[in-house]
Amino acid sequence: MPSLEEQLFPSTPGKFKIDRSSHHHAMNRQFHRCFSSTSTMFLWALFLIALTASYLSFQSFVDSGSKYFTASWGGIQWEKQVRNSAQIHRGGGMSVLVTGAAGFVGSHVSLALKKRGDGVVGIDNFNHYYDPSLKKARRSMLAEHGIFVVAGDINDGKLLAKLFDVVGFTHVMHLAAQAGVRYAMENPNSYIHSNIAGLVTLLEICKSAETQPAVVWASSSSVYGLNEKSPFSESDRTDQPASLYAATKKAGEEITHTYNHIYGLSITGLRFFTVYGPWGRPDMAYFSFTKNILQGKPITVYRGKNRVDLARDFTYIDDVVKGCLGSLDTAGRSTGSGGKKTGPAPYRIFNLGNTSPVTVPTLVSILERHLKVKAKKKVVEMPGNGDVPFTHANISSARREFGYRPTTDLQTGLKKFVKWYLAYYGHNHGKAVN
Ligand SMILES: O=C(O)[C@H]1O[C@H](OP(=O)(O)OP(=O)(O)OC[C@H]2O[C@@H](n3ccc(=O)[nH]c3=O)[C@H](O)[C@@H]2O)[C@H](O)[C@@H](O)[C@H]1O
């Protein structure tokens, strides 16, 4: 059976093929003539050995070709690392491909899966959206636990196909994305590249797999956009995005739906609500506020129309991890194989929030208390840059389906974050932060 890589990326078509039967007799005659004397036979043998040797070395060069030309993947050693990392160490366990594994949520989910005995292989492109040294540090932390993170982009279909040839992943936890709400105005194409094109490349590989994996992926609370009904339920309007980021996440929900419908892929979309915690993302408010407060620099606090404070349903990372694992555990099977659907598969969407919104000024005062430093606040009216005034999750759906129950309030969660921040960057006022 041809490998998945060969099926999806066939070599140049129309290659010359030998018709074995018709050439058989002619070749036999030639063979006897050539090998009539022992000395010619010896020379021929030598020639054949040289030919085989050069063919083999050429093959191994081609095999690890990308090592020399593009990303560093491929080869026997690499495959061994991938296979070892994917090894399952519990009965009924799963083997999960985690995209964005060097990211904030990706690294935490990878670790939690590994700790309970599941197989995990990560992939991450280590882009420079924020300090890549933090991503590398997360990768080192994962490596210490036997998790291998492949350096590569989800737009690299050949790499993804290779990974699926090496490991029969039962699940894909898709967390790779261009995150950040306001950055979409600076670099819109980055959102299309990762959140649209990358998603489709990944789904193409998943749907083509002999045994399709179940896919759980990160959508966003931002899809609720300008929706005013509160708290947000999964069935509420999501057709008024306020940012391109939100629009790409909403598009992802529609795109995954088509793959569910046409190919029988099991899909679970998780709407994360402003996730925070240790090993977090430096571009997020709680993180950059911490850095600036420690450095004695002013922070900008946005305020909504009519002097109304902005609020977020901040959700602690450990709670989100529980939600991710619960989703993986309850994700029904994909039904298709090799691109063919055999029956309907589940399509689910869940809010993963905390259910208690906190205003941004309150977030700042909690940080001031934990850091024991007063912030220099500059309050400005929210610029029209994609922000929404508030978020608030209704989580009854996730509670019903897999017992999701967040247990960490912002005060407790930020305490843990600050402890990590000071341990990681030291007390020198976060000067090492990007
Ligand atoms: O739930 C999500 O789906 C999203 O959550 C997160 O977005 P947001 O909720 O916008 O978080 P974040 O940037 O921390 O701003 C928090 C608050 O601080 C305010 N804010 C921000 C910056 C600043 O300088 N000043 C300020 O007041 C700001 O106006 C806002 O009110 C993820 O980043 C995003 O990737 C996505 O996953």
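Helices (H or I, at least four residues) and strands (E, at least two) are DSSP runs, numbered from the N terminus. The views show a predicted model, in which local features need pLDDT of at least 70, side-chain atom pairs count only at pLDDT 80 or more, and totals for chains, interfaces and linings use all residues. Residues are numbered from 1 along each chain as its sequence is written, and side-chain values use heavy atoms, with hydrogens and water left out.

**View A. Ala151 in strand E3.** Ala151 lies in strand E3 (residues 148-151). Its relative accessibility is 28%, so Ala151 counts as partly exposed (buried means under 20% relative accessible area, exposed over 50%, partly exposed in between; 1.4 Å probe, protein chains only). Between the C-alpha atoms of Ala151 and Thr201, which are 50 residues apart along the chain, the separation is 17 Å.

**View B. Helix H8.** Helix H8 (residues 157-166) is largely enclosed by the rest of the structure, because eight of its ten residues are buried. Those buried residues are Gly157, Leu159, Leu160, Ala161, Lys162, Leu163, Phe164 and Val166.

**View C. Helices H13 and H15.** The axes of H13 (residues 360-371) and H15 (residues 410-425) are 10 Å apart, and the two helices pack at an angle of about 45°. Axes are lines fitted to C-alpha atoms, for helices over the stretch in contact, and angles run from 0 to 180 degrees between N-to-C directions. H13 and H15 are therefore oblique to each other (angles under 35 degrees count as roughly parallel, over 145 as roughly antiparallel, 65 to 115 as roughly perpendicular and the rest as oblique).

View D. The peptide bond from Ser230 to Pro231 is cis, with omega near -5°; Pro231 is in the loop between strand E5 (214-220) and H10. Phe126, a residue other than glycine, has a positive phi, near 50°. Phe126 belongs to the loop between strand E2 (119-124) and helix H7 (132-144), and its relative accessible area of 9% is why Phe126 counts as buried. Thr274 is likewise not a glycine, and its phi is positive at about 35°. The loop that holds Thr274 runs between strand E6 (267-272) and strand E7 (275-276).
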